[in-house]
Amino acid sequence: MPPLTETPLAKGLDAPKITAAEVASWFIDSFEKDELEIHVGDTKKIYQLFLRSPEEAFMAVNP
Amino acid sequence: MKTSENTILITGAASGIGLEIAKLFSQKNNKIIMADRSIDQLKIEASKLENAVAIAVDLTDENDMNKLIQTIKLNFSDLNIAILNAGAANDYSLYSTEYDLEYAKSEIHTNYIANVRLTHALEPLLSTKTEAAFVVTTSGLAFVPNLNYPTYSATKAALHSFALASRLALKRKGSKIKFF
């Protein structure tokens with residue numbers, strides 16, 4: 001579950017992005033450890049915020 | 001999961017996250033089947049990697065999907081990992097002149113339906129392997145939608161829900177396939 005990533009898909013969004021290479025590397029490390037649900041980078045923050053307050057998480061990705 | 005000596009299908013492998021995963025797995029002594037609709041770019045990228053082949057596929061095209069599944073069954077029956085990563089994203093505002101139903105149709109086909117189809121088509125093949133995995137690329141937007149990518153967010157929420165359901169369904173079936 002990557003966050004906003006520097007890829008052709010996200011070219012329309014002007015916001016801080018992780019690189020695709022970082023996402024790939026994070027994925028392979030987690031894959032090796034059998035972590036089935038992988039929260040990459042800022043996805044971890046969004047998920048924690050979502051557990052605490054879905055409304056706050058929604059507003060955080062739509063400032 | 002082991003990260004070497006696998007045969008790995010990666011969709012959306014011509015660019016972005018799919019391409020970077022292909023590069024890393026190629027360096028770790030795996031056989032890579034790279035699939036994408038951008039065939040020219042895919043061939044260039046595949047030619048730079050060890051043990052990689054390129055297959056052109058438009059995941060919204062039923063004939064292309066059937067061909068991909070047949071090719072894997074006939075030529076790559078040692079497949080044990082399928083990384084279903086291809087995604088389409090349209091940047092538009094809801095309830096504005098930018099709205100177009102075609103965005104919803106193309107995104108739900110590429111990001112959701114194609115993956116449901118591929119996992120079901122490949123599950124019998126993967127179930128024969130000692131170590132096997134499906135991987136789907138979702139997004140942090142599976143938890144909450146981003147208004148710039150409304151349909152994309154919805155498809156990733158659907159795909160995340162499908163991943164949870166698949167994980168439990170495979171477990172209850174006694175399958176060894178891991179679902180990431």
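What percentage of the contacts in chain A with a separation of 6 or more comes from residues 24 or more positions apart? The figure is 28%, two residues being in contact if their C-beta atoms, placed from the backbone, lie within 7 Å.

1. Basis of the model. This is a predicted model, in which local features need pLDDT of at least 70 and side-chain atom pairs count only at pLDDT 80 or more, while totals for chains, interfaces and linings use all residues. Residues are numbered from 1 along each chain as its sequence is written, and chains are lettered from A and ligands numbered from 1 in the order in which they are written.

2. Confidence. The predictor assigns the complex an ipTM of 0.93 and a pTM of 0.96. For chain B the average pLDDT is 97, and 100% of the residues score at least 70; pLDDT is the predictor's confidence in each residue, on a scale from 0 to 100.

3. Chain A. Three helices and two strands make up the elements of chain A, arranged β-β-α-α-α from the N terminus on. Helices (H or I, at least four residues) and strands (E, at least two) are DSSP runs, numbered from the N terminus. The C-alpha trace of chain A spans about 35 × 30 × 15 Å along its principal axes. Chain A has 63 residues, of which 32% count as buried. A residue is buried if 20 or more other C-beta atoms lie within 10 Å of its own, exposed if 12 or fewer, and partly exposed in between, with C-beta atoms placed from the backbone.

4. The sheet of chain B. Six strands of chain B form an open sheet with parallel pairing, in the order β3-β2-β1-β4-β5-β6. Its edge strands are β3 (52-56) and β6 of chain B, each of which pairs on one side only. Two strands pair if DSSP finds at least two bridges between them. Strand β1 (residues 7-11) of chain B is joined to β2(B) by five bridges in the parallel sense, and B:Thr11 stands opposite B:Ala35 in β2(B).

5. Strand β5 of chain B. On which sides is this strand covered? Both faces of β5(B) (residues 133-136) are covered, with B:Ala133 and B:Val135 buried on one side and B:Phe134 and B:Val136 buried on the other. Four bridges pair β5(B) in the parallel sense with strand β4 (residues 81-84) of chain B, and B:Ile81 has B:Ala133 as its bridge partner in β5(B). Between β4(B) and β5(B) the chain passes through helix α4 (residues 101-126) of chain B in a right-handed β-α-β crossover; right-handed denotes that, with the strands pointing away from the viewer, the path from the first strand over the helix to the second runs clockwise. Strand β5(B) also runs parallel to strand β6 (residues 178-179) of chain B, to which two bridges join it. There, B:Phe134 stands opposite B:Phe179 in β6(B).

6. The nonpolar core. The largest nonpolar core has 67 residues, and B:Ile10, B:Met34 and B:Ala82 have the most contacts inside it. Such a core is a set of buried Ala, Val, Leu, Ile, Met, Phe, Trp, Tyr and Cys residues joined through C-beta atoms within 7 Å. Not counting residues up to four places away in sequence, the residues that B:Met34 touches include B:Ile10, B:Leu42 and B:Val53.

7. Backbone points to inspect. Most residues other than glycine have a negative phi. B:Asn29, although not a glycine, has a positive phi of about 60°; B:Asn29 lies in the loop between α1 (16-27) and β2 (31-36) of chain B and is exposed, with 12 other C-beta atoms within 10 Å. B:Tyr95, also not a glycine, has a positive phi of about 55°. B:Tyr95 is in the loop between β4 and α4 of chain B and counts as exposed, with 7 C-beta neighbours inside 10 Å.

8. The interface. How many residues of chain B are in contact with chain A? There are 25, and they meet 31 residues of chain A. On the side of chain B that touches chain A, the largest share, five residues, comes from α1(B). By class, that side of chain B has eleven nonpolar, ten polar and four charged residues. Here Ala, Val, Leu, Ile, Met, Phe, Trp, Tyr, Cys and Pro count as nonpolar, Asp, Glu, Lys and Arg as charged, and the others, Gly among them, as polar.
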